[in-house]
Amino acid sequence: MNDVTDVPDLLGAAECVLFDFDGPVCGLFHGHPAAGVARRLRSLLRRKAGEELLTPELCSTDDPFLVLQAVAAARPGGEPARLVERALTREEKAAAASAVPTPHAHSLVRALSATGRRLAVTTNNSPAAVELYLRRHRLAGPFGGHVHGRTADALALKPDPDCLLRALRTTGTPPGGALMIGDTPTDLLAARAAGVPFLGYARDAGKAALLRSYGAGAVVTSLATVLEAVGAPSYR
């Protein structure tokens, strides 16, 4: 179910729109599955750092970011975390070559830019991978270089608001003048911590219910709803 009535109000107050990347813009790991990435990161750790860091939780996750965060938490500032981060960046750059655009996302980016709104990417992904995708799909212009992704500090990933706060600074936007479009609870929690209004994107009812369980007030299951609120046609 789309919370259609909330979308025009959220957009009307937004001078700047902050997009999470994997999900709201594209399916980054569509042709390069995240589970395989997590498995290869564990294999790298096993070869380079031994079994000590491979906790049961780390070994059971299919989420590459949880692998990185677990290693960074266990060895803050250590070489294992740097090793995993570099490997994850390589994986994400490879994934960007086969990433599939989210329906209506590209049109939404261009429509929002045409209205004069500032745009930024706020993501846990490598900025290098994001920039590859944006250049490949001729979307770099609307974002104007405002790509705020993972830094060397892996503990500053969302739900930490670090990337949102950086985007607000570089775009000169007060928190209440921005809108975050995200698809995970960590996006919502980061937006809440930064004081930024949030619009949830969920590709199915289960993900919509999850966002609502965390307190998301507005959730859409198609970006066509947002595109129509901007006043643009809903094509891909």
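Which residues does F19 touch, not counting residues up to four places away in sequence? In this predicted model, local features need pLDDT of at least 70 and side-chain atom pairs count only at pLDDT 80 or more, while totals for chains, interfaces and linings use all residues. Residues are numbered from 1 along each chain as its sequence is written, and side-chain values use heavy atoms, with hydrogens and water left out.

With contact taken as heavy atoms within 4.5 Å, F19 touches P24, V25, L108, V109, L112, L119, A120, V121, T122, F143 and I181. F19, Y133 and L199 touch the most other members of the largest nonpolar core, which has 56 residues. Such a core is a set of buried Ala, Val, Leu, Ile, Met, Phe, Trp, Tyr and Cys residues joined through side-chain atoms within 4.5 Å; buried means under 20% relative accessible area (1.4 Å probe, protein chains only).

Two aromatic pairs were found in a search of the whole structure. The rings of F19 and F143 are edge-to-face, because their centres are 6.0 Å apart and their planes stand at 80°; rings of Phe, Tyr and Trp (its six-membered ring) pair if their centres lie within 6.5 Å, and planes over 60 degrees apart count as edge-to-face. F19 belongs to strand 1 and F143 to helix 8 (residues 140–143), 124 residues apart. Helices (H or I, at least four residues) and strands (E, at least two) are DSSP runs, numbered from the N terminus. F21 and Y133 form an edge-to-face pair, 5.5 Å centre to centre with 75° between the planes. Both F21 and Y133 are buried.

Terms used. Buried < 20%, exposed > 50% of the residue type's maximum accessible area, 1.4 Å probe, protein only. Phe/Tyr/Trp six-rings, centres within 6.5 Å; stacked < 30°, edge-to-face > 60°.
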